[in-house]
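Reader: I have a model to look at and a few questions about its architecture. Can we go through them one by one?

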Amino acid sequence: MHSVATLTISDLWVERGESDLLNGLSFSARSGDLVHITGANGAGKSTFFKALLGLLPILSGSMTFNGESLAQGRHRFLNNVLYIAHSAGLNSALSVLENLRWYAPDCTQDKIEQVLTRLSLAAFSETQLQALSAGQVRRVALARLWLSEKQIWLLDEPFTALDQTLIGLLEEKMAAHVASGGMIILASHLPLANLPYLQVELSP
Amino acid sequence: MTYFSFFKAECLALFYTKQRVVNALLFFVMVVVLFPLGIDPSAEFLSPVAGGIIWCAAALSVVISVESMYKESYLDGTLTQLIVSGLSLPWLILIKVGVYWGAMMLPLLLLTPVFAQMLFLPSDSLFMLLATLLLGTPGLFLIGSIGAALTVSLRQGAMLMVLLILPFYFPIIIFSTAAIKAMQLGLPYGGLLALLGAISLLALVVSPVMTSLCIKASVR
């Protein structure tokens, strides 16, 4: 069970190229919440994640985690975050197992093998990532969710390149995470069929 | 992710993609072998310039090996994961540079006595050559790391990187070859070695921070 955590976004504006994005985005989330960020292409869904993670400077507004501004306490925030971006964030020269051991060095071999079996990746555990299909690489990236103890998940289009079975498994895992006091902020075009969520709509 | 798991992953990745290091080492070998063939293979000519030839070849092969140091990590998104890992990015960079330095320099240091013999470097100068390589090449890698990070998001950034970092390589090459020459002439060389060490130490402090700033500016 995770401890209580709150994330508050107030009147957030971010500059991206020539345009200002997020239009004063404001919302608050706490442990056990799933925030579903929707919006057309270019509305700023990925930009929001980058601003939240400190990869992009913000124009105005504030972001606080447990009452502390992210500008001061970004390090404490990042220690609680697992971010799955558009790109897999995996080393293509390494095997599936080596990539997962890199991200989750404290996990036992049994635990990693269980997760690989659950995600239908057991046969590829020793395969280099560059030999896998896009969908399989996506599965490996998402396997980190099963191995991580981080409280806050930031998921940017997590359903991309997944089949229906995997989408079902992922939704099940997300439900278990929020039930255990985790927090999920997710950007996706797809509706979440089986999960209660707080929707945040972004307009370009 | 921990610092040790990152170190292990970097070692494994570099081992699997060893072609990059092999290419840089082959370049080093080619320059050292072709130089006497193209100019003058006599001992009288080569003996006084052997240290300089080996140093220039080493510096150029370092440029080749560091050029793409961050490119693949940038493209596959692992660089972003390093930034948001909650670990200190400068320390992660230091680990990466250390792994590259080890992978490239250990074979090069092993090859050096062979080439020193081939270029008629006096045997008492070999120790000085190895000492300057040990003291100076960390600086080359650390400075190269800044250039590689600065140009990581550019499609054709290799030439720009070379132009940016090469001027900073000059002092290291000059002090290294001067120390070898000073030893051959029986002049004091301690000050030159101290300067060389100081440059590498300065790079050790400045480079991880500068590289991490450049990476954060590129990953947006």
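Reader: In what sense do strand β7 and strand β8 of chain A pair?
Author: This is a predicted model. In it, β7 covers residues 152–156 of chain A and β8 covers residues 183–187 of chain A. Five bridges join the two strands, and the sense of the pairing is parallel.

Reader: Which residue of β8(A) stands opposite Ile152(A)?
Author: Ile152(A) faces a residue of β8(A). The β8 strand of chain A spans residues 183–187. The residue opposite Ile152(A) is Met183(A).

Reader: What is the strand order of the open sheet in chain A?
Author: The sheet has five strands, with parallel pairing. On average, neighbouring strands are turned by 15° against each other, direction ignored. The order in chain A is β6-β7-β8-β3-β9.

Reader: Which strands of chain A stand at the edges of that sheet?
Author: An edge strand here has a single partner strand, so one of its sides is left without a neighbour in the sheet. That applies to two strands of chain A, residues 81–84 and residues 198–202. They are β6 and β9.

Reader: At what angle does helix α1 of chain A run to β7(A)?
Author: Helix α1 of chain A takes in residues 45–53. It lies across β3, β6, β7, β8 and β9 of chain A. Its angle to β7(A) is about 145°.

Reader: How far apart do the C-alpha centres of domain 1 and domain 2 of chain A lie?
Author: The domain assignment gives domain 1 of chain A two segments, 1–78 and 153–204. Domain 2 of chain A is 81–149. Their C-alpha centres are separated by 22 Å.

Reader: Which element gives the largest share of the side of domain 1 of chain A that touches domain 2 of chain A?
Author: The contact takes 18 residues from domain 1 of chain A and 13 residues from domain 2 of chain A. On the domain 1 side, the elements of chain A that give two or more residues are α1, α2, β7 and α6. That side divides into twelve nonpolar, two polar and four charged residues. The largest share, four residues, comes from β7(A).

Reader: Is Glu172(A) buried or exposed?
Author: Glu172(A) is placed in helix α6 of chain A. Asn194(A) is 22 residues away from Glu172(A) in sequence, and 8.6 Å away in space, C-alpha to C-alpha. Glu172(A) has 12, so it is exposed.

Reader: What is the radius of gyration of chain A?
Author: Chain A has six helices and nine strands. For its 204 residues the globule rule gives 17 Å, and the value for chain A is close to that, so the chain is as compact as a globular protein of that length. The radius of gyration is 17 Å.

Reader: What percentage of the residues in chain A is buried?
Author: The C-alpha trace of chain A spans about 50 × 35 × 30 Å along its principal axes. Of the contacts in chain A with a separation of 6 or more, 75% join residues 24 or more positions apart. The buried part of the 204 residues is 38%.

Reader: Which element gives the most to the side of chain B that touches chain A?
Author: The contact takes 23 residues from chain A and 20 residues from chain B. On the chain B side, α1 (3–16) and α5 (78–83) of chain B give two or more residues each. The residues of that side are ten nonpolar, eight polar and two charged. With seven residues, the element that gives the most is α1(B).

Key
Residues are numbered from 1 along each chain as its sequence is written. Chains are lettered from A and ligands numbered from 1 in the order in which they are written. This is a predicted model: local features need pLDDT of at least 70, side-chain atom pairs count only at pLDDT 80 or more; totals for chains, interfaces and linings use all residues. The radius of gyration is taken over C-alpha atoms; the globule rule is 2.2 Å times the number of residues to the power 0.38. A residue is buried if 20 or more other C-beta atoms lie within 10 Å of its own, exposed if 12 or fewer, and partly exposed in between; C-beta atoms are placed from the backbone. Two residues are in contact if their C-beta atoms, placed from the backbone, lie within 7 Å. Ala, Val, Leu, Ile, Met, Phe, Trp, Tyr, Cys and Pro count as nonpolar, Asp, Glu, Lys and Arg as charged, and the others, Gly among them, as polar. Two strands pair if DSSP finds at least two bridges between them. Axes are lines fitted to C-alpha atoms, for helices over the stretch in contact, and angles run from 0 to 180 degrees between N-to-C directions. Domain bounds come from an automatic or database domain assignment.
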